[in-house]
Amino acid sequence: MPAPNIDTIVSLAKRRGFVFPSSEVYGGLGSAWDYGPLGVELCNNVKQSWWRWLVYERDDIEGIDSSIILNRLVWKYSGHEATFNDWLIDCRKCKGRFRADKIVDNKCPSCGASDWTEARPFNTMLQTKLGAVADDDPAALAYLRPETAQGIFINFLNVQTTMRRKLPFGIAQVGKSFRNEVTPGNFILRTREFEQMEMEYFVSPSDDHWKLVDYWVEQYVEWFGSLGINRENLDLYEVPEDERAHYSKRTVDIMYRYFPEREKPWEELMGIAWRTDFDLSAHSKNKLDAEGKRINPDSTEDLSYFDEPTKQRFYPHVLEPAAGVNRTVLAVLMDAYSEKTNDKGETRVILKLTPQLAPIKAAILPLAKNKPEIVGMAKAIKRSLQPVLRAVYDDTGGIGKLYARQDEIGTPFCVTVDHQSLEDEAVTVRDRDTWEQERIKVSELADHLQKRLKPYPVTAPE
Ligand code: GAP
């Protein structure tokens, strides 16, 4: 049973230290969120899982970390300065301002009227100024990147030559992106500052790009499965031409059921696009337009590739799986949410995060916190586990409360130290999902937990 709606996760996230509304002491900042002690661990675990899967476990992908602020010309030639727009309309009756493409049945979402101004473009790149310059100096204008992808394209040759790569190969990058969204909202689903996990996969112009989009869609559906997301809560959307970005010849969005309570439950989790050779050509000094003029007179490089077997030079085509860290985290939290009723009829929340994603892998709990020998033993066990897995010690309540707290934050195992432990050098290991308990020797505990914490295979668990 996944979460019934996003609000359930908002409240759990705040109550248990995953995500807090940002700048709350000053009344907050619309649609900005801060990740707390458990949220930052969950985000890191998602990013590490992605990096391990693509950069370590495959042989054809390298990783980079490029600047957030790039030369403004990058955004001129990528097409973002001219086209990275949302279309705005104003309601003449209530003066509300909205994205034209989000209006349903031509009705104002605030007042219900249908009296609109003409739609006009609004560039959503966030601007800043570099250096100690006058406010209106146009030469100082710079942008916070709206996608991590461009940092990859402009480094294509650097990576290809230094790592001696031949096509096909990919470059992965994870990092913050910024968009001055007109209508941010729905918790961490749409914010102005967010994090992306993008990979640009470079192939020959003669490859079957249509099939390659399908290939990456399948790969990502499997990867989401390995994060514990049920296949039934994912859907595929073939994006029609009029909704695609200017560089794309085909895009398939993987959608997640973020709004199970609504008639239209799906929203984009990530997109997989065939970007053609648009970006590498656009940043290259040698590429000519139809009239034989250089399309980029500012570039000092040619980002083409010489293919040894065919003795041909060309601009590689690109398949781009672009995922959001925050949207993945939200989908993971919603899918992991479950409720269980205990013998006393009390309903408990259990966050069934996969072992790989759980912020804390084991909680070490003393049964009697006023007994120094038990406390000492529990703390020693915590310290001995810390080098191999994330463990915490907790004695801030009775054992029932402590179990409930760990269930709610997704900790796979609770390890309880009791009076008997002082004699038999063994502890009780309690499973989060079944609530079954097992007695394990302290000397075997690290091995036992590590075996049970193995990442899920890249197919959806039952
Ligand atoms: N480089 C291609 C690109 O950026 P996109 O569909 O605009 O494509 C990719 O963004 C992913 O980044 C989205 O599927 C989503 O997961 C995430 N994303 C985009 N805008 C976002 C926002 N305002 N807030 C949170 N995540 C966002």
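Residues are numbered from 1 along each chain as its sequence is written, and because the model is predicted, local features need pLDDT of at least 70 and side-chain atom pairs count only at pLDDT 80 or more, whereas totals for chains, interfaces and linings use all residues. Side-chain values use heavy atoms, with hydrogens and water left out.

Select the ligand and the 21 residues around it (a heavy atom within 4 Å), of which Glu147, Glu181, Thr191, Glu198 and Glu268 come nearest. By class, this shell holds eight nonpolar residues (Ala, Val, Leu, Ile, Met, Phe, Trp, Tyr, Cys and Pro), nine charged ones (Asp, Glu, Lys and Arg) and four polar ones (the others, Gly among them).

Next, display the polar contacts (pairs of N or O atoms within 3.5 Å). A side-chain N or O atom of Gln196 is 3.0 Å from an oxygen atom of the ligand, while a ligand nitrogen atom has a backbone N or O atom of Leu189 at 3.4 Å, and a polar side-chain atom of Arg275 also lies 3.4 Å from a nitrogen atom of the ligand. The protein covers 91% of the 560 Å² of accessible area (Shrake-Rupley, 1.4 Å probe) that the ligand has on its own.

Now colour the strands (DSSP E runs of at least two residues) S10 (193-203), S13 (267-276) and S16 (317-324), which each give two or more residues to the shell; S13 gives the most, with five.

Finally, move to helix H11 (399-409; a DSSP H or I run of at least four residues) and select Gln406. Beyond its neighbours within four places in sequence, Gln406 is in contact (heavy atoms within 4.5 Å) with Ala363, Val392, Asp394, Thr411 and Cys414.

Methods
Polar contact = N/O pair within 3.5 Å; in protein donor to acceptor, adjacent residues only side chain to side chain.
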